[in-house]
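I opened my notebook to record a first look at this structure. The entries follow the order in which I looked things up.

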Amino acid sequence: MTVNQISIFIENKSGTLVKVLKFLKDEGIQLIASTIADTAEYGIFRIICSEPERAYQSLKAAGVAVSLCEVFAIQLDDIPGRAADAIELFASEGISIAYLYSFLLNGNGVLIFRTDNADKAREVIEKNNLKVIPEKDLSLLL
Amino acid sequence: MIWNQSKECLSPEHMREYQSKMLYKMVDYVYHNVPFYRNKLQEMDLTPNDIHSIDDIVKLPFTIKQDMRDNYPFGLQAAPSSEIIRIHASSGTTGNPTIVGYTRKDVGIWSECMSRCLTAYGVNRNDIFSVAYGYGLFTGGLGVHYGVENLGAAVLPASTGGTEKHVRLIRDLGVTGIACTPSYALHLAETMENMGIRKDQLKLRIGAFGAEPWTDAMRDEIEERLGLNAFNLYGLSEIMGPCVSYECECQQGSHINWDHYFPEIVDPVTLEPVPYGQPGELVFTTLTKEGMPLLRYRTRDLCTLYNEPCSCGRTSPRMGRLLGRSDDMLIIRGINVFPSQVESVILTMPECAPHYQLIVDRVNNIDTLTVQVEVRQDYFAQGFDTFEPIFNLEKQLTNRLKSVLSIRAKVEVKQPGTLPRSEGKNKFVIDKRILK
């Protein structure tokens, strides 16, 4: 039900991001979606990419502070307000969204997010028949 | 066990009497045999007759490493060259090497003091003791070697290098004791593990480690990986070599052989004496040395002396762990800060790699201290995905540093592999106040 996301700890200073991106380039890893969370001093670069397992292992071997996490990827119909409806379902169950970002897939929006309670979130997704994107479909994009 | 009950357990009153007598003799000896000291004493309007008790030691001039370099090679030697039977030399990476000549009596006292150390660790005549300090100009190898022989155990003069062969000998001969630097002990453990030899195949039970600073965490690791009890051994070639102080079974600091090497603690800035229980720079006066006796030699080592009675029965004062070098001391907002204090805090944090950097600056006329630490790469592998662990690390480090340093430091967490690695100690400190 989840897709793999790479999370990388970087310092919030010039040059750190490009270093990671160049590394992925040299490894032949392609980005599908990404986001950066930042504080004054630190950043976390989160990536959905091709071959996440290989990307994770090679970043780890290179000494990068990296982790592989499972996040939800849900497709929404191209109608205004669908994101609000979806998140409302989680909120009403008392589930908090830790972070969220989105991208377009074949004209439809995709929400990538992590919650504070993965098991409960799974139940909500199943109960409401939310359209989950399998990881293999993401690779088909490339 | 105690090697020399009558000296190591002498009542403080009797020891004081003895030390007072020896200090007078020592001052008289250098006054008449070392022009350097005669000149210094005369400049201060002092003669040996001004020494009435050991308390008068505070009247005497200090000696520093530079004095040895300035009087290279034999200027500080008191005994005639016909009496010298051994010469050691320090590395001398920053100038002339330091030359120390020993008479036969000096080598005898060295062996005696070293035997006291070994006996305190539990070494006896049945042991096979491997000396893995370097043999040669460095005092470590030969110093321990003579002590082991004097005690009557069998010495294996392994020296450094040839580690695989050494491990094989430790196993095949049933070596029970070893002396080396703590980092060499870890190297030995690693070599052993790579060779597929388990610690239960060895008979090692005692380790004497010194010649470089080490922590309790290193002690635990060495004990665990080599399966022995690890003891501290302190010494410096200017004063004698390894044998100056040693841990007993209580391991509450290292007992000083103070019938031969009289310790003082002074404030490294004002040079005023500091009482027992408070940290400062360690200073030694040799009370019995003939070859190159020294008055109030400033070791640059920072530590605390304790004189509470030890349950082992020895009456000598004990040195606490070395806190650093007075050369490295920083004064931040009027507080003395040693990089080693910061290091000791960082080493207790499992999330941190053992690499750090201190940045001292002055912002709006106020000194600031920033401590940069590297997070361990594998720390993030454990499902990390938010800033929370980083903030927790910052907070914990800030609190612990505050309680150890008594000043607030700003903590910056760095990516793995970004801070300079340990080659020269001074690289760890960037003092921008001086550069301005």
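**Entries on chain B**

I began with a strand pair: strand 17 (residues 352-363) and strand 20 of chain B run parallel and are joined by 3 bridges. The model I am reading is predicted. I looked up one bridge and found B:I359 partnered with B:I430 in strand 20 of chain B.

I read an open sheet of 4 strands in chain B, ordered 19-18-17-20, with mixed pairing. Strand 19 and strand 20 (429-431) of chain B are its edges, each pairing on one side only. From one strand to the next, the twist averages 20°.

Then I checked the helices. I found helix 10 (residues 339-347) of chain B lying across strand 17, strand 18 (366-375) and strand 20 of chain B. Helix 10 of chain B runs at about 140° to strand 17 of chain B. Helix 12 (residues 388-405) of chain B also packs on the sheet, where it touches strand 18 and strand 19 of chain B. The direction of helix 12 of chain B makes about 140° with that of strand 19 of chain B.

I moved on to strand 1 (residues 84-89) of chain B, which pairs with strand 2 of chain B in the antiparallel sense over 5 bridges. B:I84 has B:T103 as its bridge partner in strand 2 of chain B. Is strand 2 (residues 99-103) of chain B mostly covered or mostly open? I noted it as mostly covered, with 5 of its 5 residues buried. B:I99, B:G101 and B:T103 are on one side, B:V100 and B:Y102 on the other.

Last, I looked at the chain contact. I noted 16 residues of chain B in contact with 16 residues of chain A. Helix 11 (377-381) and strand 19 (410-414) of chain B each give two or more residues to that side of chain B. By class, that side has 8 nonpolar, 5 polar and 3 charged residues.

How values were computed. Residues numbered from 1 in each chain as written. Chains lettered and ligands numbered in written order. Predicted model: local features only at pLDDT ≥ 70, side-chain atom pairs only at ≥ 80, totals over all residues. Contact = placed C-beta atoms within 7 Å. Nonpolar A, V, L, I, M, F, W, Y, C, P; charged D, E, K, R; others polar. Buried ≥ 20, exposed ≤ 12 C-beta atoms within 10 Å, placed from the backbone. Pairing = 2+ DSSP bridges. Axes fitted to C-alpha atoms, helices over the stretch in contact; angles between N-to-C directions.
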